[in-house]
Amino acid sequence: MSDELDFLSKAVAKGRLSRRDFLGRAAALGVSATFANSLLSSAAVAQTPVKGGMLKAGLQGGESSNVLDPALNLSQVNFNFGKCWGELLFELAPDGSLENRIAESIGSSPDAKTWTMKIRKDVEFHDGKTVTAEDVVATLERHADEASKSAALGILQGIETMKASGDEAVITLKEANADFPYLMADYHLVIQPNGGKDNPNAGISAGPYKVTVNEPGVRYGGEKFANYWQGDKLGHAAQVEIIVINDPTARTAALQGGQVNMINRVEPKIVDLIKRVPGVTVQTASGRGFYPFNMFCDTAPFDNNDLRMALKLAMDREEMLEKILRGYGSVGNDFPINEAYPLFSNDIEQRTFDPDAAAAAYKKSGHSGSILLRTSDVAFPGAVDAAQLYQQSCAKAGITIEIKREPGDGYWSEVWNKQPFSLSYWGGRATQDQMYSTAYVSNADWNDTRWKRPEFDKMVIAARGELDETKRKAMYRDMAVIMRDEGGLLVPFFNQYIDASGKGVQGWVANPAQEMCNGSALILCWLEA
Amino acid sequence: MSNPILKLIVQRIALGIVLLFAVSVLIFVGTQVLPGDVAQSILGQSATPQSLANLREQLGLNDPAYMRYFRWLGGLLTGDLGNALTSGLPIAPAISGRLANTLFLAATAAIVAVPLAILLGLLAVRYRNGPIDKAISAFALASTSFPEFFIGYLLVYFFAVKWQIFPAISTVFDGMSFLERLQAVALPATALTLVVLAHMMRMTRAAILNVMQSAYIETAELKGLRPLDVIRKHAFPNAIAPVVNVVMLNLAYLVVGVVVVEVIFVYPGMGQYLVDHVTKRDVPVVQAVGLIFAAVYIILNIVADIAAIVANPRLRHPK
């Protein structure tokens, strides 16, 4: 088979070329229709997952101090490996909806306060036990306990009671929350036997792979769990391996050299080079993470909305996106939500760089003298450059910005959320409500813009309890507009996840929730035979 | 062997132990004055005052520093390195695997680098000031002048990406055969060899040239020995002390100073382990690794001292 025909038939299988076009191209190459048709069916076979073999990922974000306990899971490597061995109640689907995993169904009382999850019957843990509603409740209990230091503690704080009855887990909330099912999709909430209360680091759950290698900071391995409850759908390779490669150059070299099949965190500045490597595909997904400039709304001079508006208008978002992220992202609009969230309204006017309007607002604010902006390399990749670009665009509007470069050590404890004007990052949350309640209500621990508006808090609570999606969407739109015009948040851009897959890797499905197909690349993909 | 040598050796070892204690205090003080604290670093951006207080309490960070030091020293003397603060797992087993990896890489590099450096040094002296001498020096100095990450990436580019002879990443693990391990460390060992070669080669050359000025060398030449024999039999034995010194210095570097090479080749050695834990303020691990590095350094220096003593005939045959 000629290379071109091979390529074309695969393009059809992937849906990039129509069948009719393929037959036309094949005829042009002098191939009979019958033979061309047979080619097509063999390519279609190639598109069904190939079972077996070993799939390897080289990932950034693993340290020798990591443990398997999902509650303490904060780094990328543990996040990805957790998806291999762990099973959740729900998983975030690529379109932003929820996919039922251990929870077969979920329903709520009309006031959205009592939620009942039906637990799937045929799911088995790696140690041979069957997953029960008791295990689910025990898992939630462990994560809701302060002592577990779970990163999911915050999202479970709204729970009043939880109990297992038969094959159902019944959760009662202190306040109505229509987003409760989304909270249950948090990646920390890996269901473990007896909730992991006996040994949280055992690495036993009901995921597609059993943990075989656990060398923190070096490598992790799993072998296919024969009794995985949906074995045909996920976990195609017989074995998976994650190699921790924190150095970006080493990571790309390992992909090029074929030691790994996929990598995460391709740096924007080398994406164009990586694209030219034969066999390598750059995989991008627009995410919910953003890199804000935070102003304290209750601290002078930022307590003046004219000044905040001047600073927002003086931001050249397009230039920022082009120079800092090399275009791998989307411009922000000074509120923390973008189209990757469910219930996003895309008709809110985009704020653009307007030095004249900025100068006018600045004059109106009556402020004079320079404004101190704090930045650091750890705020986000390119944060120091971003501050300098911003300094230049502000100068065009007659606003003087003084940049203070802070040491990375202690930036999160001494500068972020402490100083009135600084750069930061937010990874985004599963729902709009989670994002707003984490950082933009009066009493939030991480209210890093000191945005304290009782009427806004009320809107957040009202939207949370609203089960009618049309009404909720309208509420979120109103909130976004208020944030955009009065908030202390300056969002130049949302970032994209940039990963890359190597030769023969199939089955990749971009997911806006997180990098590497929401951490599921190893269980979704397979190697072409 | 007579008393003065034995006495000197015992002296050196005792001095080494005293030094090790001093270093342990220094390491402890150093880790105490770093800004921030462990609890803050573990929780990062997501720290709340309550969770910080809980974690500090749990990790025993509220005790005074001297109590923590003596608790640790006591454990150390009974062979217990303690538990890592971040993961709660015992340090000793985690370190032993890493240490073995580091020593394996250092040994592989040393087995190539040391004989090569000395041989090149001898050749440089034999053909001193000629084209061979110049070529050897130019090559060695050039390879040393490049930073090790540059050499590392260059090796990766050609041997791993272009020609695909060796793997780009050197992950080693239990269950690998010796040959597989050798193949895995081929590139990092080469990079390290190139980095340490020049220092040893130049010192060998200089030390031997120094001896070559002596009258007895002239005698040896006049009685008609071949030039290489003169160097090998008469000059080199008298130049051993400085050469051993510089070799030991470089061996110590191969063990304690290879963080950059470890990162580039993703080699699971001690350096990366130390860096990971320094960023998390995991004091017990930093102290344990620091002490092991100090011990390696001190032991190698003692060996160098002893070799120098033994190589010195005046000390070997006291009047």
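Which domains does the domain assignment give for chain B? Select 1-86 + 282-319 for domain 1 and 96-279 for domain 2; the bounds come from an automatic or database domain assignment.

Before you go on: this is a predicted model, where local features need pLDDT of at least 70, side-chain atom pairs count only at pLDDT 80 or more, and totals for chains, interfaces and linings use all residues. Residues are numbered from 1 along each chain as its sequence is written, while chains are lettered from A and ligands numbered from 1 in the order in which they are written.

Now show chain B as a cartoon: you'll find 15 helices and zero strands (DSSP runs numbered from the N terminus, H or I of at least four residues for helices, E of at least two for strands). Its C-alpha atoms fill a box of roughly 85 × 60 × 35 Å along the principal axes.

Next, colour the two domains of chain B, whose C-alpha centres lie 28 Å apart. Here 17 residues of domain 1 are in contact with 16 residues of domain 2 (contact: C-beta atoms, placed from the backbone, within 7 Å). Pick out helix α14 (283-311) of chain B, which gives the largest share of the domain 1 side, 14 residues.

Last stop, the chain A contact: 34 residues from chain B and 28 from chain A take part. On chain B, select α3 (49-59), α7 (148-162), α12 (259-265) and α13 (270-279); each supplies at least two residues of that side.

Terms used
Contact = placed C-beta atoms within 7 Å.
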